[in-house]
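Hi,

Here is the model I said I'd pass on.

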Amino acid sequence: MLKYCWGSVVAEVSHDNGSEVSAADVVSQNDLLIVGPGVLGRIVAEKWQKEHPGCKVYGQTASTNHHSELTDLGIIPSLKGSTISQKVPHVIFCAPPSGSDDYPEDVRVAASNWNGEGSFLFTSSTALYDCSDNMMCNEDCPSVPIGRSPRTDVLLKVENVVLEAGCCVLRLAGLYKIDRGAHVFWLRKGTLDTRPDHIINQIHYEDAASLAIAIMKKRLRNQIFLGCDNKPLSRQEIMDAVNRSGKFETKFKGFTGTDGPLGKRMENSKTRAAIGWEPKYPSFTEFLGLK
């Protein structure tokens with residue numbers, strides 16, 4: 001059992017899977033549980049703590065490997081499946097399905113730690129929108145049917161669990177920052193046997209975090225939101241920007257494929273209007289300092 005102190009508040013955390021995590025007797029209206037405090041979750045934690053000084057932020061992980069890092073960030077760590085002695089008003093679930101034996105059950109357990117007063121947000125994927133051939137797609141586009149693929153099936157099932165519990169969903173486009181994202185993978189490969197005109201939709205990690213927080217602060221129920229920068233780019237356009245930016249040591253050589261599916265052009269003006277949100281980085285090219 002480890003103890004973490006914030007002023008006069010002492011929180012006790014057990015790292016045993018399925019155990020109870022006890023904290024202060026009084027729960028703040030701004031306390032937050034992050035299930036899956038990876039890159040996105042940690043940015044959410046940092047922004048949330050700045051907006052809500054003195055709040056408690058819990059982070060549940062699949063292993064104890066990074067618990068010391070979380071503690072240094074002011075996050076109270078525990079293992080996935082732990083229950084908090086006092087339910088919290090805000091929960092964001094951003095753990096991926098990979099490595100989970102029962103992803104829907106993981107979400108149900110996380111929901112059991114929510115007191116229903118604030119918000120519960122599940123981060124999903126724009127892969128669930130049934131649109132292709134580089135066509136326009138927004139919040140009103142239908143979802144892919146069950147049976148399309150194992151990946152989309154598990155997300156659809158979890159979204160249903162989330163919505164039935166009165167929670168909200170944020171479907172995110174491809175996440176990126178300077179050292180993470182599709183462009184980094186492609187740059188390492190040098191050349192790829194895939195078509196260059198496939199459309200990619202993206203959103204910077206910081207913008208995904210700020211949108212998630214803006215949604216949670218609205219305390220909405222049973223809604224699906226869309227997170228993207230509204231500037232879809234082809235694979236070729238993305239890597240041309242990478243090569244022109246001068247921010248990377250190597251150059252991408254090219255895409256050599258001519259077959260394969262096309263993408264879709266995501267547009268989220270309805271989400272922006274409903275939440276009152278705009279991205280810090282309007283496009284991948286502008287993030288790189290290009291016009």
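First, a term: by a nonpolar core I mean a set of buried Ala, Val, Leu, Ile, Met, Phe, Trp, Tyr and Cys residues joined through side-chain atoms within 4.5 Å. Buried is under 20% relative accessible area, exposed over 50%, and partly exposed in between (1.4 Å probe, protein chains only). Keep in mind that this is a predicted model, where local features need pLDDT of at least 70, side-chain atom pairs count only at pLDDT 80 or more, and totals for chains, interfaces and linings use all residues. Residues are numbered from 1 along each chain as its sequence is written, and side-chain values use heavy atoms, with hydrogens and water left out.

On to the cores. The largest one has 30 residues, and Val44 and Ile92 have the most contacts inside it. Strand S4 (32–35), helix H1 (39–51), strand S11 (168–172) and helix H6 (205–218) each give it two or more residues; helices (H or I, at least four residues) and strands (E, at least two) are DSSP runs, numbered from the N terminus. H6 supplies the largest share, 9 residues. There is also a second, separate core of 24 residues, with Ile76, Val91, Ala110 and Val162 among them.

Then there's helix H7 (residues 235–245), where the buried residues are Arg235, Ile238, Met239, Ala241, Val242, Asn243 and Ser245. Asn243 counts as buried because its relative accessibility is 18%. Leaving aside neighbours within four places in sequence, Asn243 is in contact (heavy atoms within 4.5 Å) with Lys251 and Phe252. After H7 comes Gly246, with a positive phi near 75°.

Cheers
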